[in-house]
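Please consider the following protein model from its local features to its overall organisation.

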Amino acid sequence: MTFAISWTQFFPPRDGAPLTEANLPNQAGKVFIVTGGSSGIGYELSRILYGAGGKVYMLTRSKEHAEDAISRIRAHYADDSDRSSKTGSLEFIYMDLIDFTTVKAAAQQFLDSEGPDGRLDVLFNNAGTGALKDAPKTLQGHKYHFSTNSLGPYLLTRLLAPILSQTAKTAPKDSVRVVWTASVLVELMSPKDGVRKEYLQDPFSIRNQNELYGSSKAANWFLASEFARRQPEAGVFGSGVVHLGSGQPGELFHGHMTHRSLLVDLRRPPFPPTSGARCRDIYVDGLLG
């Protein structure tokens with residue numbers, strides 16, 4: 001990774017994104033899922049897409065936080081008669097990535113809500129965790145970082161592959177997408193091959209939270225690549241869907257910040273999450289029109 005790329009990852013351009021809420025085309029008739037949509041980048045993505053007329057499903061683990069986020073998003077547009085008439089819809093679905101039973105239930109609730117003629121244009125696998133020290137096992141006995149950042153999103157994407165493929169059949173070419181959240185720390189904290197062979201043999205042999213975080217984000221690059229590569233098989237991985245690894249959430253203020261020390265934030269204050277939402281919109285530039 002070059003210095004220039006590293007610099008823009010840590011310090012994203014405040015006004016450099018070519019696609020923002022100011023010029024985002026109307027999204028009426030399109031359906032989006034944003035995991036972790038009640039805070040940080042997920043909140044801003046949900047707000048921007050809702051403001052453009054999109055139907056947004058917010059999959060997150062706290063009903064209280066989701067309902068508060070939805071209220072704030074609606075209030076944001078309520079005083080602007082021009083924009084409020086063009087807004088879409090927001091719906092909360094409970095999902096906690098450390099419990100795979102809730103991932104399956106959330107996918108089914110979404111499918112039931114959309115019905116047999118439903119659609120899903122973009123799945124933003126945004127939710128995740130930071131480098132949490134002494135993280136507990138998940139309910140299914142997996143490593144916390146991998147379950148939250150990689151395995152949970154993998155399961156959700158597999159379960160939603162049929163409706164994504166169904167949407168791709170009638171949508172403009174390459175407009176149906178899955179966005180996998182990665183991190184610049186893949187380059188800085190994960191092993192040379194992304195994930196250690198020792199981890200694959202014994203997940204609990206690796207204890208360093210920074211390596212676990214970096215490797216779980218590297219896994220998302222692998223997942224995006226493999227989903228894309230296996231699509232021609234027209235099997236459980238779907239077809240006609242573009243899979244993208246994206247971004248660096250680490251320097252944007254978001255829920256993971258609860259794991260960071262005050263000294264880190266004083267040395268390098270985080271950017272507002274709107275910067276990340278606008279930058280992430282680059283990944284859907286050209287397909288949201």
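Aspartate 174 is partly exposed, with a relative accessible area of 35%; buried here means under 20% relative accessible area, exposed over 50%, and partly exposed in between, for a 1.4 Å probe and protein chains only. Aspartate 174 is placed in the loop between helix 6 and strand 5, and its phi is near 65°, a positive value in a residue other than glycine. Helices (H or I, at least four residues) and strands (E, at least two) are DSSP runs, numbered from the N terminus.

The model is predicted, so local features need pLDDT of at least 70 and side-chain atom pairs count only at pLDDT 80 or more, while totals for chains, interfaces and linings use all residues. Residues are numbered from 1 along each chain as its sequence is written, and side-chain values use heavy atoms, with hydrogens and water left out.

The protein contains 11 helices and 6 strands. Of its 289 residues, 53% count as buried. Among contacts (heavy atoms within 4.5 Å) with a separation of 6 or more, residues 24 or more positions apart account for 76%.

Buried in helix 5 are Phe100, Thr102, Val103, Ala106, Ala107, Phe110 and Glu114. The buried residues pack against strand 1, strand 2, strand 3 (89-94) and helix 6. After helix 5 comes glycine 115, whose phi is positive, near 80°.

An α-helix has 3.6 residues a turn, so residues three or four places apart point the same way.

What is the extent of the largest nonpolar core? It has 29 residues, and those with the most contacts inside it are Ile33, Leu59, Phe110, Leu120, Leu156 and Leu160. A nonpolar core is a set of buried Ala, Val, Leu, Ile, Met, Phe, Trp, Tyr and Cys residues joined through side-chain atoms within 4.5 Å. Strand 1 (31-35), strand 2 (55-60), helix 5 (100-114), helix 6, strand 5 (177-181) and helix 9 each supply at least two residues of this core. Apart from it lies another core of 23 residues, among them Leu19, Tyr50, Leu90 and Phe124. Isoleucine 33 touches Tyr57, Leu59, Phe110, Leu120, Val122, Leu123, Phe124 and Leu160, not counting residues up to four places away in sequence.

Helix 9 (residues 209-230) includes asparagine 220, which counts as buried at 3% relative accessibility. A polar atom of the asparagine 220 side chain lies 2.9 Å from the backbone oxygen of asparagine 149. Leaving aside neighbours within four places in sequence, asparagine 220 is in contact with Asn149, Ser150, Trp180 and Thr181.

The structure holds 4 aromatic pairs. Tyrosine 154 and phenylalanine 227 form one that is edge-to-face, with 5.9 Å centre to centre and 65° between the planes. Tyrosine 154 lies in helix 6 (residues 144-170) and phenylalanine 227 in helix 9, so the pair ties together parts that are 73 residues apart in sequence. Rings of Phe, Tyr and Trp (its six-membered ring) pair if their centres lie within 6.5 Å; planes under 30 degrees apart count as stacked, over 60 as edge-to-face and the rest as tilted. Phenylalanine 227 is buried, at 1%, whereas tyrosine 154 is partly exposed, at 27%. Ring pairs link Tyr154, Trp180 and Phe227 into a cluster.

Definitions and conventions
Polar contact = N/O pair within 3.5 Å; in protein donor to acceptor, adjacent residues only side chain to side chain.
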